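Please look through the structure shown below, and keep it in view while you read the explanation that follows.

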Amino acid sequence: MSKNSTKAILIIVITLLTAALIGSIIISINKKGKTDIKSNAEVQEVSSVSIQESTVNQRRFIPVNNNKQNKLFNFETPVYKIVFDSAGASVKSIILKEYSEADKELDLILKSKDSDRAFMLYEGRKINNNALPIDAQFDYSIDSNNNIIFENDFYLADKDGKATDKVVKIKKTYKIGEKEYMIAIKVDVIPVNCSISDIDGYIYSIGFEPQIGPEFSSSSSKQSGQNIRNFHIKLQNKKKASLVGFSGNLFTYEQPFEWFELTGKYFSYIIAPQGENFHISAIKEGSEKEKNLTSSSYLARTYQDGQITDIFNIYLGPQLKNKMNVFNRPQDNSFGVKDLYFEKGLESGGMFNWLQIVLKWIMTLFYSIIPNWGVSIILLTLFIKILLFPLQQKSLKSSARMGEVSPKLKEIKEKYKDDPEKMNAATMALYKEADIHPFMSFIPTLIQFPILLAMYGLLNKHFELRGAMFIPGWIMDLSAPESVLSFPFTIPFIGNELHLLPIIYLATMMLLMIYTQKSTGGANNGAMQIFMTYFFPIIFFFVLYNTSSGLLLYWTMSNVFSIIQQFFTNVFTKKKKVEQKIKAEKQDKEHKPTLYSGVLPPKAKRKEK
């Protein structure tokens, strides 16, 4: 196989692999709830088959007074507007006052029905519907420190589900952050005249359900990660959080951990229990297409005789480092907690997370100079192009030389068409003579690949891009696809909206390919040129059609800067060729042979002069 054929195959393979990888990243970021993801190696998965669940669907805690009326009441802080429910001492709604979603209030409890509540207690370990909720009406009060206190007395039931004279008090206290995005829940289980009986080795579970807000995106075209829901776990003595894996629709974990997280695209729920007496259960079920996907998590309290007092520190807020790291030092928060490191959940971005952090810092620096995130993306693109300029310039020169020796390569192929070994040897000798490195053109692409992946993660998860407008009336949100027209029908691979930015990207990509092929003698590559010029951009047009405007802006401007770079490279190359031609003609003229090559006599020399 000739060197050119190998190069052509390699280009096609890299192109298809790149498209497939980017496509898989987009699919994983916009992953449907029922699609499994493999667990990190350091996270233990337990099959749902091995879990011993209660098969007796009857109550273990029977309220002493069950005639209390249901009450809802509001509680507000500078950051939260919370609706409490006396039924189960639960929470109906958590509104973030500093943020909104589509000009509506942003509720971090996304309910599938109005009766859904968060922070409900369950009897025993909650894995399926056999664990009944402790949903009796609780008495409540608010103390002088603005702590919300719920309490109620319960009879313990016997094995037949009938009330005994054994009484247990359950007390649930909420402490809301004065200005932080934290809710601390204290659960007291106090035996009054008995010992507490366990339920398969557990006392109770505390849950967050049915889903973290905001609402799912309603447009079939806006699959920019808005509907993403993932779970992470921070294990003890580990620097970063890990993405958890599911066995079917269930994930369980029964080893010590620091905190457990349910994350959307921009907001997180993180629960950090004080102590190691808790086992995790997480359930994902439903249909994202029908917008009823649930992502519920439960912490089950293992059995302990005597009074139980548990404290859960819960973060419910934006994925912003400055909002999370206040819980690392006790003097920075009103809870006095430390070393929670919730921001580690932001660093679960894979092997190129460090590069994402660097690019984010540079982009933020540009934003501090010109406060427009679209301009910051353009300046960051220019910065990357300048940084890679020497390497790309060397690649362009190598490609240009390849075009110059193309006729000689044809001669070699024709001369040694029956001897591949001599053909390769002659080809390599020609490359060495012309100072050509055949695979030099791939190096900038390979270097830009991790940058592209880092930019994809950054521009899809950077909180400040949420709702950030670049061009009024067109690019209104850099974190989502822009739209100029909506269709009354759905087009495969496109959706129901017309996006202008992918079309601009396609045009710049094709122009760059045509310009590059023309300047490097690509016209001699035939089918290879057609593939690189047309099919390569078209593949990525469909892959990136429904991605965020920020990412498409980056790649489009990268194409524009590459076209400019190629233009000036062509100008300087042409100028250099003209200078070399003039120099060569001058040298030929100076060394032009005369009719008489011998030694002329003085008279003849004067005559010649």
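**Around H499**

The backbone oxygen of E482 lies 2.4 Å from a polar atom of the side chain of H499, in a model that is predicted. The side chain of H499 also makes a polar contact with the side chain of N546, at 3.2 Å; a polar contact is a pair of N or O atoms within 3.5 Å, where, within protein, one must be able to donate a hydrogen and the other to accept it, and residues adjacent in sequence count only if both atoms are side-chain atoms. H499 sits in the loop between strand 21 (495-498) and helix 8 (500-519), and H499 is buried, with a relative accessible area of 0%. Buried means under 20% relative accessible area, exposed over 50%, and partly exposed in between, with a 1.4 Å probe and protein chains only.

An α-helix has 3.6 residues a turn, so residues three or four places apart point the same way.

Helices here are DSSP runs of H or I with at least four residues, strands are runs of E with at least two, and both are numbered from the N terminus. In helix 3 (residues 353-369), the buried residues include L355, L359, I362 and F366.

Residues are numbered from 1 along each chain as its sequence is written. In this predicted model, local features need pLDDT of at least 70, side-chain atom pairs count only at pLDDT 80 or more, and totals for chains, interfaces and linings use all residues, while side-chain values use heavy atoms, with hydrogens and water left out.

Definitions and conventions. The expected span of a helix is 1.5 Å times one less than its number of residues.
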